[in-house]
Amino acid sequence: MAVHPRRAPRSPPLSSHLPAQARGCSDPSTGSGLARFNALSPEAAVAVLLHCCGSRRWAQRVAAHRPYPDPGALLAAADEASYDLSQADLSEALASEVPVELDHGASYAALLALDAAHAEYERNFGHVFVICLDGHPPEEQADQLLAAIRRRLELEADEERSISADELRRLAQVRLADLTHWLTSQDGVNAEDSGLFAPVG
């Protein structure tokens, strides 16, 4: 009997970490998503930032530098914090990631191949495969993902860890942009949007 490929678990919806005034405030005076992020309590800010990168020190550092005057300043601070991750911080962040979940019509054969490649990668490197697929059309993502896993399986552990750290940095940038966009919404997050902040391998 064929075993179905793994499906990545979803992390709790981001809305569960937000105070009521950030979840669905209809008062336009509250401003943009960045303004709402700046106004979160330290605990709430760290909680939502952990959906962007699983290193607690990274999240605490980005939260501590608020308020940010503009999105560029937030992304620059996140980049700086990403580059300063210790090996322990990086291990913590990698441990929080889950494999990429493809929901865009990938064939069963492609999903089986990806499942096998993910398993081999995890056996070799001890953590899930991390890649930022932002900018790749959904219909190309399965091929891009499989090719990248196979290519990176050939690398030495230190080189692959360095690449994984950079992919985490890129993912954090994308997730931060999603976070500020989400906080701009006045109606909160819907069922589809709740997956935006699930860690992506």
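The protein has nine helices and zero strands. The model is predicted. Along the sequence, the pattern reads α-α-α-α-α-α-α-α-α.

**Whole protein**

- Of the 201 residues in the protein, 44% are buried.
- The accessible surface comes to about 10200 Å², and carbon and sulfur atoms account for 53% of that surface.
- Counting contacts between residues at least 6 apart in sequence, 74% join residues at least 24 apart.

**Helix α8**

- Helix α8 covers residues 138-152, which is 15 residues.
- The buried residues in α8 are Gln 141, Ala 142, Leu 145, Leu 146, Ala 148, Ile 149 and Arg 152.
- The cover over these buried residues includes α7 (108-125) and α9 (157-184).

**Second largest pocket**

- The second largest pocket holds about 150 Å³ of space.
- Elements that give two or more residues to the lining of this pocket are α5 (71-83), α6 (87-96) and α9.
- Helix α9 gives the most to the lining, with five residues.
- The lining residues include Ser 82, Tyr 83, Gln 87 and Leu 90, along with Arg 161, Ser 162, Ala 165, Asp 166 and Arg 169.
- Leu 85 and Ser 86 also line the second largest pocket.
- By type, the lining divides into four nonpolar, four polar and three charged residues.

Technical notes: Residues numbered from 1 in each chain as written. Predicted model: local features only at pLDDT ≥ 70, side-chain atom pairs only at ≥ 80, totals over all residues. Heavy atoms only, no water. Helix = DSSP H or I, 4+ residues; strand = E, 2+ residues; numbered from the N terminus. Buried < 20%, exposed > 50% of the residue type's maximum accessible area, 1.4 Å probe, protein only. Contact = heavy atoms within 4.5 Å. Areas by Shrake-Rupley, 256 points an atom, 1.4 Å probe, with all protein chains shown as cover. Expected span 1.5 Å × (residues − 1). 1 Å grid on protein atoms, 1.4 Å probe; cavity = no way out; pocket = protein on both sides within 12 Å on 5 of 7 lines; lining within 4 Å. Points joined across faces, edges and corners; volume = space filled by probe spheres on them. Nonpolar A, V, L, I, M, F, W, Y, C, P; charged D, E, K, R; others polar.
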